[in-house]
Amino acid sequence: MENQKEETEKNGHFYQNSCHTDLAVEMKEEVEQKQELTGVEVSTKKHAYHGITETRIRIVDERGEAALGKPVGNYVTLEVEKLYRDSVQKRIARIICDVIAQLSQGAQNILVAGLGNRSVTPDAIGPKVMEHLQITRHLFECGYVKSDALNMKVVSAIAPGVMAQTGMETVEILRGIIEKTHPQAVIVVDALAARSSNRLNRTIQLCDTGISPGAGVGNNRQKMNEETLGVKVVAIGVPTVIAVPTIISDAMQQLLLLLGADHAGKLVEELSYEEQYQLAEELVKPYFTDMFVTPKNIDEEILMMSQCIAQGINAYINI
């Protein structure tokens, strides 16, 4: 069991710090290219009319943990072709509502935490969601709303900032709030990193295993999960950045198509993804290894995504 745990930690470290992705669905795709996936249950549903692909991944045991570098639990990924239509946003919000109800086990008193730095647009998805939430705890506390008068949940929210702004680990701030407000569940919203540019600002991941802020960009902070916070944690994340070496690695795949049967093409093709990524890192050293990029229309997309996620949380508040 101890060896299995060490292997899980090793795999988790590789995926989070080498491949630069926080998405369980991308980890699954990478593993499936090399070996049979065990200890993991996967189901996919396509909402054809709305252009939404819903992938549910359930890691059931230590084999799944070791394979994906993620703890046992449920991971739901929503991928959308276009987020601009109101009908698409409403459908995603409805799915988010249903998933939160499932993962939080119907918690009636929740704390929502918008993680990230609101001054850095790609990292502002969490604080932006807070701006659109329906906050209700003060109404119950002040007696304006009776607990049995409306079908409404008790909701409080915080955008705790980042360590550079507060000097504190976010988990420390949340522990203090939880101690005073006693929520049944915490919903954390944060920006993620992806390894596929097609998933930037087009993907939402929800899980019941918590979150490791900054893991995808190699800036690991203390984990926020049921073990560290003492209550159930539902994490909602949107990939907003991609690592430069990942872009180079993907470009190498396109290069193979141009090289065809050329000897150099065969050499690159024989490399595993990990080896291709390491080669890409060598190509961009020392200037771009730790650089991350984001789409040029990030402001508009962050606004739409934050509104969509807030709609989903608000829908859950009122069911």
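Biologist: Let me start with strand β8 (residues 232-243): how many of its residues are buried?

Modeller: This is a predicted model, in which local features need pLDDT of at least 70 and side-chain atom pairs count only at pLDDT 80 or more, while totals for chains, interfaces and linings use all residues. Residues are numbered from 1 along each chain as its sequence is written, and side-chain values use heavy atoms, with hydrogens and water left out. Strands are DSSP runs of E with at least two residues, helices are runs of H or I with at least four, and both are numbered from the N terminus; buried means under 20% relative accessible area, exposed over 50%, and partly exposed in between, with a 1.4 Å probe and protein chains only. Strand β8 is largely enclosed by the rest of the structure, because its buried residues number twelve of the twelve.

Biologist: Which residue of β8 is the bridge partner of Ile187, and in which sense do β6 and β8 pair?

Modeller: Two strands count as paired if DSSP finds at least two bridges between them. Ile187 has Val234 in β8 as its bridge partner, and β6 and β8 share ten bridges, their sense being parallel.

Biologist: In which sense do β7 and β8 pair, and which residue of β8 does Cys207 stand opposite?

Modeller: The pairing of β7 with β8 rests on three bridges and is antiparallel. Within β8, the residue opposite Cys207 is Ala235.

Biologist: How many bridges join β8 to β9, and which residue of β9 is the partner of Ala243?

Modeller: The strands β8 and β9 run antiparallel and are joined by two bridges. The partner of Ala243 in β9 is Phe292.

Biologist: Is Val293 buried or partly exposed, and which residues make a nonpolar surface patch with Val293?

Modeller: Val293 belongs to strand β9 (residues 292-293), and its relative accessibility of 30% places it among the partly exposed residues. Patches are made of residues with over 30% relative accessible area and no salt bridge, where like charges are joined within 9 Å and nonpolar side chains (Val, Leu, Ile, Met, Phe, Trp, Tyr) within 5 Å, and accessible areas come from the Shrake-Rupley method with a 1.4 Å probe, only the protein chains shown counting as cover for residues. The patch covers about 210 Å², and Val293 makes it together with Ile247 and Met291.

Biologist: What does Ile187 touch, once its neighbours within four places in sequence are left aside?

Modeller: Contact here means heavy atoms within 4.5 Å. Apart from those neighbours, Ile187 is in contact with Ile100, Ile110, Leu111, Val112, Ala113, Val234, Ile236 and Ile313.

Biologist: Where do Arg202 and Glu301 lie, and how many residues apart in sequence are they?

Modeller: A salt bridge is a side-chain nitrogen of Lys or Arg within 4 Å of a carboxyl oxygen of Asp or Glu, and Arg202 and Glu301 form one at 3.2 Å, N to O. Both Arg202 and Glu301 are buried, with Glu301 at a relative accessible area of 5%. Arg202 is in the loop between β6 (185-194) and β7 (203-207) while Glu301 is in helix α13, so the pair ties together parts whose separation in sequence is 99 residues.

Biologist: By about how much of a helix are Glu32 and Lys28 separated?

Modeller: The side chains of Glu32 and Lys28 form a salt bridge at 3.1 Å, N to O. Glu32 is partly exposed at 42% relative accessibility, whereas Lys28 is buried at 10%. Because the two residues are four apart in helix α2 (residues 24-32), Glu32 and Lys28 are separated by about one helical turn.

Biologist: Finally, how many salt bridges does a search of the whole structure find?

Modeller: Another of these pairs is Asp98 with Arg94, at 3.2 Å, N to O, and salt bridges that share partners join Glu26, Glu29, Glu79 and Arg199 into one network. For the whole structure, the number of salt bridges found is 13.
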